[in-house]
Amino acid sequence: MTDKKHTMTRREFIGWSARFLLLGGLAALVFRRRESASGETTQDTCTDPKGYCRTCSALKYCGHPTARSFKAAQAQSQEEQRS
């Protein structure tokens, strides 16, 4: 039996590197999609063209300072109406 150490050729190295790069990119893509689908992420840039928080569809998860202020004001007014 020959106990020959296998060395990687340049072609094999490039092939394995490409596989790992694609696998890493796929994992990053899946993680980002899972993160955005869960709705737990907050955004800090306004997506409403006019900048109105009241009509924005992303208000529930928005982390923009204006949206946080608007949500706080809404909660305060609801507390005042209950009292």
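Modeller: Contact here means heavy atoms within 4.5 Å. This is a predicted model, so local features need pLDDT of at least 70, side-chain atom pairs count only at pLDDT 80 or more, and totals for chains, interfaces and linings use all residues. Residues are numbered from 1 along each chain as its sequence is written, and side-chain values use heavy atoms, with hydrogens and water left out.

Start at Cys53. Leaving aside residues up to four places away in sequence, Cys53 touches Leu59, Thr66, Ala67 and Phe70. Cys53 counts as buried because its relative accessible area is 13%. The classes are buried under 20% relative accessible area, exposed over 50%, and partly exposed in between, with a 1.4 Å probe and protein chains only.

Now the core itself. A nonpolar core is a set of buried Ala, Val, Leu, Ile, Met, Phe, Trp, Tyr and Cys residues joined through side-chain atoms within 4.5 Å. The largest one has 5 residues: Cys53, Leu59, Cys62, Ala67 and Phe70. In soluble globular proteins, nonpolar side chains tend to be buried together.

Thr66 is a contact of Cys53, and Thr66 is partly exposed because its relative accessibility is 44%. Thr66 belongs to helix α2, residues 65-82. Helices (H or I, at least four residues) and strands (E, at least two) are DSSP runs, numbered from the N terminus.

Next, the loop. Gly51 lies between α1 (10-38) and α2. Gly51 is partly exposed, since its relative accessible area is 36%. Its C-alpha atom is 9.6 Å from that of Ala67, 16 residues apart along the chain. Cys56 is buried because its relative accessibility is 17%.

What about the cysteine sulfurs? A disulfide is a pair of cysteine sulfur atoms within 2.5 Å. The count by that rule is 0 disulfides.

Last, the setting. The protein chain has 2 helices and 0 strands. Of its 83 residues, 12% count as buried. Among contacts with a separation of 6 or more, residues 24 or more positions apart account for 0%.
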